[in-house]
Amino acid sequence: MAPLRILVVDTDRAALSLINETLSRRGHELRTAADGQTALTLASRWDPNLVLLEPELPVMDGYQFVRLLRARPGSPFLPVIFMAPRK
């Protein structure tokens, strides 16, 4: 599998670190953000192949982020995976 550009959006620094370390070892290029607005800016500039994000984010929640992302030309089918903590 070719390396992917993955945008990871999470408020938990430990989770970001673990995900970054795990996926970077496999050769993927990652960018991280801790809020929806920053993530949308990164997605617009960097053009990721995949987005991993938690639904509850500050500034702009994950659902609003996805709606705005899908409205952009060229990204209506960008894969998005929501991550949620186990309860």
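Reply:

**Helix packing and strand pairing**

Helix 2 and helix 3 cross in the right-handed sense. The contact involves Gly36, Ala39, Leu40 and Ala43 on the side of helix 2 (residues 36–46), and Phe65, Leu68 and Leu69 on the side of helix 3. This description rests on a predicted model. Two packed helices are described by the angle between their axes and the distance between the axes. Here the axes of helix 2 and helix 3 come within 9 Å and cross at roughly 20°. Angles under 35 degrees count as roughly parallel, and helix 2 and helix 3 are therefore roughly parallel to each other.

Strand 3 (residues 50–53) is the next element to consider. Leu50 and Leu52 point one way from strand 3, whereas Val51 and Leu53 point the other way. All four of these residues, Leu50, Val51, Leu52 and Leu53, are buried.

Strand 3 pairs with strand 1 and with strand 4. Strand 1 (residues 5–9) runs parallel to strand 3 and is joined to strand 3 by four bridges. Within this pairing, Leu7 has Val51 of strand 3 as its bridge partner. Strand 4 (residues 80–82) also pairs with strand 3 in the parallel sense, over three bridges. In that pairing, Leu53 stands opposite Phe82 of strand 4. Between strand 3 and strand 4 the chain passes through helix 3 (residues 62–71), forming a β-α-β crossover that is right-handed.

Technical notes:
Residues are numbered from 1 along each chain as its sequence is written. This is a predicted model: local features need pLDDT of at least 70, side-chain atom pairs count only at pLDDT 80 or more; totals for chains, interfaces and linings use all residues. Side-chain values use heavy atoms; hydrogens and water are left out. Buried means under 20% relative accessible area, exposed over 50%, partly exposed in between (1.4 Å probe, protein chains only). Helices (H or I, at least four residues) and strands (E, at least two) are DSSP runs, numbered from the N terminus. Two strands pair if DSSP finds at least two bridges between them. A crossover is right-handed if, with the strands pointing away from the viewer, the path from the first strand over the helix to the second runs clockwise. Axes are lines fitted to C-alpha atoms, for helices over the stretch in contact, and angles run from 0 to 180 degrees between N-to-C directions. Angles under 35 degrees count as roughly parallel, over 145 as roughly antiparallel, 65 to 115 as roughly perpendicular and the rest as oblique. A crossing is left-handed if the near helix is turned anticlockwise from the far one by less than a right angle, and right-handed if clockwise. Contact means heavy atoms within 4.5 Å.
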